[in-house]
Amino acid sequence: MSWVTQTLASSLGRKVIMSLTGLFLCTFLIVHVAGNLQLFKADGGRAFNEYSFFMTHNPVIMTVSYLLYTSIVVHAIMALLLTRHNQASRPVKYAYARPEANSPWSSRNMGILGTVLLIFIVIHMRTFWYTMHFGPIPMAEYDGKEYKDLYKIVLEAFSNWWYVLFYVIAMAALSYHLVHGFKSGFQTLGLRHKKYTPLIEFLGVWVFSILIPALFAAMPVYFFLKHVGVIG
Amino acid sequence: MNLESKIPEGPLAEKWARHKFGLKLVNPANKRKYEVIVVGTGLAGASAAASLAELGYTVKAFCFQDSPRRAHSIAAQGGINAAKNYQNDGDSVFRLFYDTIKGGDYRAREGNVYRLAEVSVNIIDQCVAQGVPFAREYGGLLANRSFGGAQVSRTFYARGQTGQQLLLGAYSALSRQIANGKVKMFPRTEMLDVVVEGGKARGIITRNLVTGKIESHSAHAVLLCTGGYGNVFYLSTNAMGSNVTAAWRAHKKGALMANPCFTQIHPTCIPVKGKYQSKLTLMSESLRNDGRVWAPKTKEDAEKIRKGQLKATDLKEEDRDYFLERRYPAFGNLVPRDVASRNAKYVCDEGRGVAATGLAVYLDFADAIKRDGRTTIEAKYGNLFEMYEKIVDDNPYETPMMIYPAVHYTMGGLWVDYNLMTSIPGLYALGEANFSDHGANRLGASALMQGLADGYFVVPYTLGDYLATIGHADKVPAEAPAFKEAEQNVKHMIDRLISAKGERTPEELHRELGHIMWDYCGMSRSAEGLKKAKGMIQDLKKEFWTNMRVVGDAEEMNQALEQAGRVADFIELGELMVDDALAREESCGGHFREEYQTEDGEALRDDANFAYVAAWEYKGENQPEVLHKEDLIFENVKLTQRSYK
Amino acid sequence: MKINLKVWRQKNGNAAGKLVDYKLDNISPDMSFLEMFDVLNDELMHKGDEPVAFDHDCREGICGMCSMYINGRAHGPQTGATTCQLHMRSFADGDTVIVEPWRARAFPVIKDLMVDRSAFDRVVQSGGFVSVNTGSARDANETPIPRTIADEAMDAAQCIGCGACVAACKNASAMLFVAAKVSHLAVLPQGQAESSIRAERMVAQMDAEGFGACSFTGACSVECPKSISLDHIARLNREYLGAKITSEAV
């Protein structure tokens with residue numbers, strides 16, 4: 001084995017892959033949430049649709065998006081491998097264990113949270129990504145140029161109460177996943193320092209675990225409330 | 001019996017250097033052909049095994065714990081002495097030598113003690129190079145503290161865990177040699193006999209504690225680094241597993257046992273609470289630097305405290321007796337261990353002891369906290385206070401600690417010459433297992449020094465001399481009849497233990513032995529008491545072999561069986577200790593005979609008649625042991641009565 | 001006080017085990033947890049039953065031998081303490097106390113509550129040392145080490161090797177143990193020469209022994225009798241990655 005495969009096959013190496021892909025996905029979340037905020041713009045979806053067009057046609061973004069898909073797949077596969085390895089490390093379980101006494105729930109259930117997120121991603125991509133790429137999708141016209149009207153798909157999807165509920169649950173899972181995952185990513189890379197770790201922990205909690213999932217969850221809730229006429 | 005100490009000729013400061021030059025060397029190419037067995041992996045054993053392997057010898061190391069890192073050296077708290085004079089306070093090799101020999105009440109050999117002081121400086125260098133994180137000053141240089149009443153600051157320490165750090169250093173060196181294949185390690189293996197043939201030690205018989213298998217191991221030399229026998233008192237600060245078995249079985253094979261009655265009672269231990277108590281916990285001696293020892297002035301107050309009607313903090317200053325400060329104005333609370341312990345006992349014997357049992361005195365930090373502030377005291381002793389609180393459930397920052405003396409260390413042990421060889425050629429004893437360097441009383445922070453001195457810097461030289469002399473062909477294979485016979489004897493003893501179907505557990509009998517030893521051969525001894533104890537121990541021995549019971553099999557993990565074997569040896573040792581205490585008609589260091597004291601109750605030494613090492617020879621089951629005397633010659637120090645007034 | 005015990009009994013490594021109920025009266029709150037086991041064993045032996053095998057030695061929290069998983073936690077409910085430092089006053093009269101051995105693939109059961117932790121020794125043998133032969137050291141004060149560095153090293157070095165970190169970790173990971181050793185030597189100048197190879201070898205041995213990976217739950221540090229910090233795990237990660245990327249070993 002070369003040193004690269006040897007490193008990546010070690011328990012620490014696998015964790016590094018988890019960390020790098022995970023942190024990369026975190027940066028994607030920032031872009032994704034920022035872009036999607038345009039849904040709240042009261043322009044009938046024009047800004048959002050133009051943004052969607054840009055995201056699906058810019059070559060740099062398209063390259064990055066393939067990196068993104070790969071990251072999701074690698075993150076999931078690596079998680080599966082690590083979980084199997086970790087479970088094998090304790091073949092006989094304790095008859096009675098009280099892990100809640102020594103560690104936060106989220107840190108012990110990253111696999112479950114991740115599975116929820118994976119299911120979410122599949123459904124989410126089927127609804128929007130697949131429709132955007134492979135249709136059928138209505139068209140909108142701004143300044144004489146045709147755009148795929150993804151905004152309309154969003155409106156349609158978020159008029160479903162169970163679909164909205166599923167999104168909210170998934171975002172709660174995201175919140176718990178990131179409250180542990182973001183800071184752990186830095187720990188795995190050995191980036192821990194008296195001065196900077198508090199900042200990382202602050203960002204992990206307030207930005208990645210609260211702000212971003214809350215903004216994401218606000219979108220389906222907003223459109224649903226709009227749909228049922230609670231808000232104008 | 002030839003008790004030749006082999007102390008080299010010449011001026012004291014040159015003895016070791018001259019001796020080293022005179023020792024034969026083993027050709028480097030031949031070293032791997034020599035096999036050495038090291039029993040025990042504490043400071044002495046681990047350092048010896050690692051150093052010998054580094055030299056190229058083929059080493060087998062044994063310990064009864066699950067890992068060599070767990071030997072009881074790990075529990076030493078305070079520190080390790082070395083004559084570095086980093087503090088520029090007037091320390092020197094000679095001063096460390098002088099303090100040690102005086103502290104031992106002039107019952108140790110000058111040559112051995114001087115060598116110990118001499119190599120002490122190398123130990124610190126070696127440990128630092130291994131990565132032992134000693135305490136440091138802000139400038140990055142090593143910190144020292146004064147310890148155990150020494151007038152200079154020569155003690156190096158790593159928080160309250162010096163023994164742990166030194167042992168982990170030696171363990172890491174040992175681990176490196178295990179990885180190199182130079183040391184084969186046998187954890188969870190207990191040595192049960194030494195094989196002697198043709199007058200030389202040829203190997204050992206062991207029991208694998210997991211499978212119960214009895215095995216023979218052959219070698220050119222055997223090093224016993226098996227620690228002290230303080231557990232003969234049942235309650236001591238030793239680990240539960242600490243035992244005399246290896247040393248005692250060697251004794252029965254002909255190795256002389258020297259000064260067995262010299263035991264050290266440490267003054268600052270957490271008092272006994274109840275009958276179930278399994279061991280005593282030491283609080284580092286350093287506490288006496290700031291704590292003041294006292295007891296109520298009157299029996300009435302003490303009585304009220306014992307009944308819980310009065311609290312320590314309620315007692316006014318004038319109702320307290322700071323008895324060490326009162327009796328020893330010069331040294332005060334910092335008198336040597338034996339003196340501090342004995343005085344605590346007197347106070348309790350007078351009925352002025354505290355705690356429910358009446359067997360405790362106070363160690364009070366109120367004044368120190370008032371003077372230096374709680375933060376300073378916390379920085380110095382935080383971990384000790386925490387430990388105390390965990391055990392006693394009482395906050396020593398607010399109420400005074402309660403302390404009582406407990407058995408801590410045994411100065412006696414297998415007799416060895418200057419080369420650390422016992423009276424059986426090829427059999428060595430290192431560290432606490434030998435008797436050599438501390439005389440009748442050990443000073444604080446000297447045990448770690450001796451263990452590492454023996455292992456790192458003495459035996460690697462002296463063993464080579466023996467091996468070069470005998471040659472590598474002089475070895476008896478493990479298949480030889482001598483081994484088979486020894487195996488049979490060991491199996492026979494195990495059969496006797498396992499087939500006993502009496503009523504009492506080894507633990508109960510051990511506890512009973514402990515009571516006898518503590519009452520009659522503890523802090524103060526008298527001819528009358530010792531004679532009574534001898535009879536009681538003989539009765540106990542009968543009881544052991546007729547009314548003891550071990551549950552389980554011999555061919556499996558069986559902790560009760562292990563304990564039974566150790567208790568059997570402790571009982572025999574106990575009797576010898578009583579004989580030794582009876583024969584030594586003087587008071588010195590840890591050995592205090594009530595008949596021999598000054599008018600104000602201090603130990604009265606008799607240098608004219610007892611300046612010797614008492615080396616006992618085993619003569620067979622239930623036969624009286626024979627006393628051999630090695631006269632101690634003092635050419636460099638003047639024998640004075642110790643005075644700490 | 002009265003205590004209802006459920007204790008894991010297993011004849012040897014190959015036999016099946018089970019929890020067995022014992023009732024103890026007359027337990028003093030001042031007893032240590034192990035002294036309570038002494039009482040149990042005394043009763044068992046008087047009845048002619050085999051006593052419970054368990055590792056213990058110094059009984060003052062430093063040798064690292066005692067190792068019981070008590071009521072769902074390594075070394076029981078008290079933090080910063082070993083099993084031998086736990087006292088019965090931490091329990092209430094009539095409590096049921098479940099006692100199991102450490103559970104990990106790398107720590108096979110020997111008998112009852114006793115496990116084989118030699119995997120830790122092999123990890124240290126793979127690189128947890130400074131290669132310095134006896135006698136070749138220079139003066140101890142020749143290399144000044146800032147006090148903060150010495151303290152940091154000591155924080156890591158005080159690990160007692162009990163294995164509570166492995167027992168408490170949901171993955172039975174030995175990261176805190178390995179990190180403590182690597183970190184102790186990595187911060188000191190004496191450990192520098194071998195710092196890369198040490199991290200690489202010790203991690204490789206840790207994996208070979210069958211310990212799990214680190215999920216950074218923090219359970220190890222909470223249950224560690226010496227409260228060793230997770231900072232050391234970060235340092236191990238850093239040392240290991242740095243070593244893998246920069247070392248000349250291919």
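**Interface and helix packing**

Analyst: Chain C and chain B bury about 6300 Å² between them, with 51% of it on carbon and sulfur atoms; buried area is the accessible area (1.4 Å probe) that two parts lose on being put together, summed over both. This is a predicted model, in which local features need pLDDT of at least 70 and side-chain atom pairs count only at pLDDT 80 or more, while totals for chains, interfaces and linings use all residues. Residues are numbered from 1 along each chain as its sequence is written, chains are lettered from A and ligands numbered from 1 in the order in which they are written, and side-chain values use heavy atoms, with hydrogens and water left out.

User: What makes Arg159(B) and Asp151(C) a salt bridge?

Analyst: The term requires a side-chain nitrogen of Lys or Arg within 4 Å of a carboxyl oxygen of Asp or Glu. For Arg159(B) and Asp151(C), the closest N and O atoms are 4.0 Å apart, and the pair forms a salt bridge. Across the interface of chain C and chain B, the rule finds 10 salt bridges.

User: Why is α4(B) called roughly perpendicular to α12(B)?

Analyst: Helix α4 (residues 110-130) of chain B packs against helix α12 (residues 447-470) of chain B at an angle of about 85°, their axes being 9 Å apart. Angles of 65 to 115 degrees count as roughly perpendicular, so α4(B) is roughly perpendicular to α12(B).

User: Which residues of α4(B) and α12(B) meet?

Analyst: Among them are Leu116(B) and Ile123(B) in α4(B), and Leu452(B) and Phe457(B) in α12(B).

Note on methods
Axes are lines fitted to C-alpha atoms, for helices over the stretch in contact, and angles run from 0 to 180 degrees between N-to-C directions. Helices (H or I, at least four residues) and strands (E, at least two) are DSSP runs, numbered from the N terminus. Angles under 35 degrees count as roughly parallel, over 145 as roughly antiparallel, 65 to 115 as roughly perpendicular and the rest as oblique. Contact means heavy atoms within 4.5 Å.
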